[in-house]
Amino acid sequence: MVFTDTATGPTMMAMMANTTITAALPPLPAYETRPLPDLLPWISDFWLSLILPHIAYWVVSMFFHIIDVYDLFPQYRLHTPEEISQRNLASRYEVARDVLLEQAIQIGTSAVLNLLDDQQLTGHESYEVAVWATRIRLAQRGLPTILGLVGLNASALSKNIAGSYPLLAGALAGGFYPSLFELDDMAGTAVPAFASWEILLAKAIYWIIIPCIKFWFAAFVLDSWQYLWHRAMHMNKWMYTKWHARHHRLYVPYAYGALYNHPVEGFVLDTLGAAIAYKCSFMTSREGMFFFVGSMMKTVDDHCGYALPWDPLQNITSNNAAYHDIHHQSWGIKTNFSQPFFTTWDRILGTMWKGDTSIKYERTRAAAANKKKGAKGEETKAE
């Protein structure tokens, strides 16, 4: 039960007279943890974390495959169908085979990561929120000093608005809320309480801001890992020939070819990079599940072969299908190494493609069309 300065009676007067209580911090709630229930009742989080990223891979891939087969949005194609058939050096069967092999390796790695993780517990969330609310209360104690540096009298301001805005007045006074109490159910005595805005901000920090920071940091780690290894595989002739050249057999990328790699490259670049990003960001296993799904969808989208203006994954950052497609062309292969999220490292280290690409794309389209016509002509002569 929370009392405010509008309450009356001897209980309220006694509470307001107790300066020791009002100067103290609100107590932290007791809690008891228990195993976190599975996200879905019909499958454990362990198995869901293993298969969900790959389900996302094939769902997004098949979406683009259907668009490709039925030529639904030809105006947004990066390449013509003739280019796919004439320029690529790997068959669709070879691509699918190698992707399934890499996904098997990723599933095995994910299983190891999950087995090494501590069991995820619940029941402590209210306590964690209260801890952040306590930090917010302590931070308010510096407000009078900060306002004093710019010539404002925090105490006077607090008194002037106490009647109309008691919570704001309490914050200006350094987190002093003399009329904010609640009844301790265990002891039956009055104890200080948090202001509603403190709890709301603490919940936002715990449930939204901290997970977002983890995701952004994980994305930074994964981008950094992949940029450095990806660039090394192009600069080192042995690594390119032995490993990375296989991925570049797709001069015209398409969605489900995103993970078409040599198994060693796939493990080092994608699987190990994602695992390191997950561990470095201190994600929970469930947060990691969603991070892996998001990164998987992003890498598929980066290879989809379409510049769709309404695709959210292509509009969040400038690293999208059009950006990565330049890297798959013979004339842009030494640029645009960044993947899968941002273009930061290309910008900083000067490896971003600069200049117009329209003439180059037109030439490759025309060459593919002429090659197809020539192939048809040879078939006609043979008949």
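Visitor: Which residues lie nearest the centre of the second largest cavity?
Guide: The model is predicted, so local features need pLDDT of at least 70 and side-chain atom pairs count only at pLDDT 80 or more, whereas totals for chains, interfaces and linings use all residues. Residues are numbered from 1 along each chain as its sequence is written, and side-chain values use heavy atoms, leaving out hydrogens and water. On a 1 Å grid over the protein atoms alone, a cavity is a set of points where a 1.4 Å probe fits but cannot get out, a pocket is an open set with protein on both sides within 12 Å along at least five of seven lines, and lining residues have an atom within 4 Å of a point. Of the 16 residues that line the second largest cavity, those nearest its centre are Asp 68, Tyr 254, Ala 255, Cys 304 and Tyr 306.

Visitor: Is Cys 304 buried or exposed?
Guide: Buried means under 20% relative accessible area, exposed over 50%, and partly exposed in between, using a 1.4 Å probe and protein chains only. Because its relative accessible area is 4%, Cys 304 counts as buried.

Visitor: Which helix gives the most to the lining of the second largest cavity?
Guide: Helices are DSSP runs of H or I with at least four residues and strands are runs of E with at least two, both numbered from the N terminus. Within the lining of this second largest cavity, four residues come from the helix that gives the most, H3.

Visitor: What is the volume of the largest cavity?
Guide: Grid points are joined across faces, edges and corners, and a volume is the space filled by probe spheres set on the points. The structure holds five cavities of 30 Å³ or more. The volume of the largest cavity comes to about 280 Å³.

Visitor: Which residues are closest to the centre of the largest cavity?
Guide: Its lining draws at least two residues from each of helix H3 (45-69), helix H5 (92-116), H10, H12 and H13. Among the 18 lining residues, the closest to the centre of the largest cavity are Gln 106, Asp 270, Ala 274, Ser 295 and Met 296.

Visitor: How many charged residues has the lining of the largest pocket?
Guide: The largest pocket holds about 750 Å³ of space, and among its 24 lining residues Gln 120, Tyr 206, Lys 214, Thr 284 and Glu 287 are the closest to its centre. Ala, Val, Leu, Ile, Met, Phe, Trp, Tyr, Cys and Pro count as nonpolar, Asp, Glu, Lys and Arg as charged, and the others, Gly among them, as polar. By these classes, the lining of the largest pocket has 11 nonpolar and five polar residues, while the number of charged ones is eight.

Visitor: How far apart are the end C-alpha atoms of residues 204-229?
Guide: The unreviewed UniProt entry lists residues 46-67, 162-180 and 204-229 as "transmembrane region", with positions given in the numbering used here, feature names shortened, and annotations that may be inferred rather than shown by experiment. Residues 162-180 are 37% helix and 0% strand. Residues 204-229 are 100% helix and 0% strand, and their end C-alpha atoms lie apart by 36 Å.

Visitor: With which residues is Leu 39 in contact, leaving aside its neighbours within four places in sequence?
Guide: Leu 39 has its place in the loop between strand S2 (34-35) and H3. Contact means heavy atoms within 4.5 Å. With those neighbours left aside, the contacts of Leu 39 are Asp 45, Leu 48, Arg 286 and Phe 290.
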